[in-house]
Amino acid sequence: VAIQPLPQHHLLDLGCGNGWIAEYISDHTGAHITGLDYMPVAIQQAQARTAAKADRLTFLVGDINALALPTQAFDVIISIDTIYFSHDYAATIGQLCQALRPGGQLAFLFAHGWGPWLAVEAFDPATLAPDKTPLGLALQALGLAFTVQDFTADDYRLAQWRKQVLTELKPQFEAENLLVIYENRLGEANGISRAVELRLHRRYLYHVQLAA
């Protein structure tokens with residue numbers, strides 16, 4: 001386990017969506033969590049659903065490329081598949097570090113690999129190493145040491161499960177005129193599956209611990 005939040009800890013969930021993961025973590029640890037997301041409707045859904053938990057859950061609209069975070073306000077910052085939206089990884093991570101207290105932690109769940117829109121030979125497999133991905137390079141540019149856990153096998157299993165569930169639910173997507181979403185999610189699952197089978201995909205959990 002990369003991080004173990006305690007009730008006295010304050011976390012930031014960067015790109016929280018409608019807050020389900022933030023709520024789950026807070027419910028199971030008692031930690032205070034601030035969720036930040038670019039989509040106002042997602043934040044409104046999170047606020048409405050967790051109104052009774054406002055003492056430990058806060059949700060705010062914010063832009064990863066225009067962060068205005070308080071200095072040394074958080075013990076832990078998590079980014080689950082959201083750093084991709086940053087125009088400058090190093091600049092964003094630098095701002096996140098300023099928002100952490102001494103000894104604070106960063107955790108990034110991050111995938112990198114070949115996509116079906118590219119020719120296979122156009123992708124450089126050397127960039128799959130943890131220290132050669134765009135995120136790994138950005139962390140090193142900032143002088144941040146990190147550890148990595150490899151979740152590629154889990155990503156592959158999830159893609160297979162998603163394909164199965166999507167196939168089963170296709171009639172419901174059709175009935176609700178949502179085949180565009182169905183095709184998007186199925187294409188994503190197929191792309192990850194193919195990339196893993198080609199050994200051209202990795203999913204990592206990067207963990208950074210700042211000095212106390």
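**Figure 1. Phe110 and Tyr206, a buried aromatic pair.** In this predicted model, both Phe110 and Tyr206 are buried. The ring centres of Phe110 and Tyr206 are 6.2 Å apart and the planes meet at 80°, so the pair counts as edge-to-face, since an angle over 60 degrees is classed that way. Phe110 belongs to strand 5 and Tyr206 to strand 7, so the pair links parts of the chain that are 96 residues apart in sequence. Tyr206 also pairs with Tyr204; this pair is edge-to-face, with 5.9 Å between the centres and 85° between the planes. Tyr204 and Tyr206 are both buried.

**Figure 2. The aromatic cluster around these rings.** One aromatic cluster is formed by Tyr84, Tyr89, Phe110, Phe146, Tyr204 and Tyr206. The count of aromatic pairs comes to 6. One member of the cluster, Tyr89, is among the buried residues of helix 3.

**Figure 3. Helix 3 and its cover.** Helix 3 spans residues 89-98. Which of its residues are buried? They are Tyr89, Thr92, Ile93, Gly94, Leu96 and Cys97. The cover over these buried residues includes strand 1 (10-14), strand 4 (74-80), strand 5 (100-113) and helix 4 (134-141). At the start of helix 3, a side-chain oxygen of Asp88 comes to within 3.2 Å of the backbone nitrogen of Ala90.

Figure 4. His201 is part of strand 7, which covers residues 201-209. Is His201 buried or exposed? With a relative accessibility of 7%, His201 counts as buried, because the limit for buried is under 20%. The side chain of His201 makes a polar contact of 2.8 Å with the side chain of Asp155. Leaving aside residues up to four places away in sequence, His201 touches Ala111, His112, Gly113, Leu128, Thr152, Asp155, Ile192, Ala195 and Val196.

**Figure 5. Arg49 over the ring of Trp20.** The charged end of Arg49 is placed over the Trp20 ring. The distance from this charged end to the ring centre is 3.8 Å.

**Figure 6. Pro125 in a loop.** Pro125 lies in the loop that runs between strand 5 and helix 4. Its relative accessible area is 47%, so Pro125 is partly exposed. How far apart in space are Pro125 and Leu166? From C-alpha to C-alpha the distance is 30 Å, and in sequence the two are 41 residues apart.

**Figure 7. The chain as context for the close-ups.** The chain contains 6 helices and 7 strands. Their order along the sequence is β-α-β-α-β-β-α-β-α-β-α-α-β. The radius of gyration is 18 Å, close to the 17 Å given by the globule rule for 212 residues, so the chain is as compact as a globular protein of that length. Along the principal axes, the C-alpha atoms fill a box of roughly 45 × 45 × 30 Å. Of the 212 residues in the chain, 41% are buried. Among contacts between residues at least 6 apart in sequence, 71% join residues at least 24 apart.

Technical notes. Residues are numbered from 1 along each chain as its sequence is written. This is a predicted model: local features need pLDDT of at least 70, side-chain atom pairs count only at pLDDT 80 or more; totals for chains, interfaces and linings use all residues. Side-chain values use heavy atoms; hydrogens and water are left out. Helices (H or I, at least four residues) and strands (E, at least two) are DSSP runs, numbered from the N terminus. Buried means under 20% relative accessible area, exposed over 50%, partly exposed in between (1.4 Å probe, protein chains only). A polar contact is a pair of N or O atoms within 3.5 Å; within protein, one must be able to donate a hydrogen and the other to accept it, and residues adjacent in sequence count only if both atoms are side-chain atoms. Contact means heavy atoms within 4.5 Å. Rings of Phe, Tyr and Trp (its six-membered ring) pair if their centres lie within 6.5 Å; planes under 30 degrees apart count as stacked, over 60 as edge-to-face and the rest as tilted. A charge sits over a ring if NZ of Lys or CZ of Arg is within 6 Å of the ring centre and within 35 degrees of the ring normal. The radius of gyration is taken over C-alpha atoms; the globule rule is 2.2 Å times the number of residues to the power 0.38.
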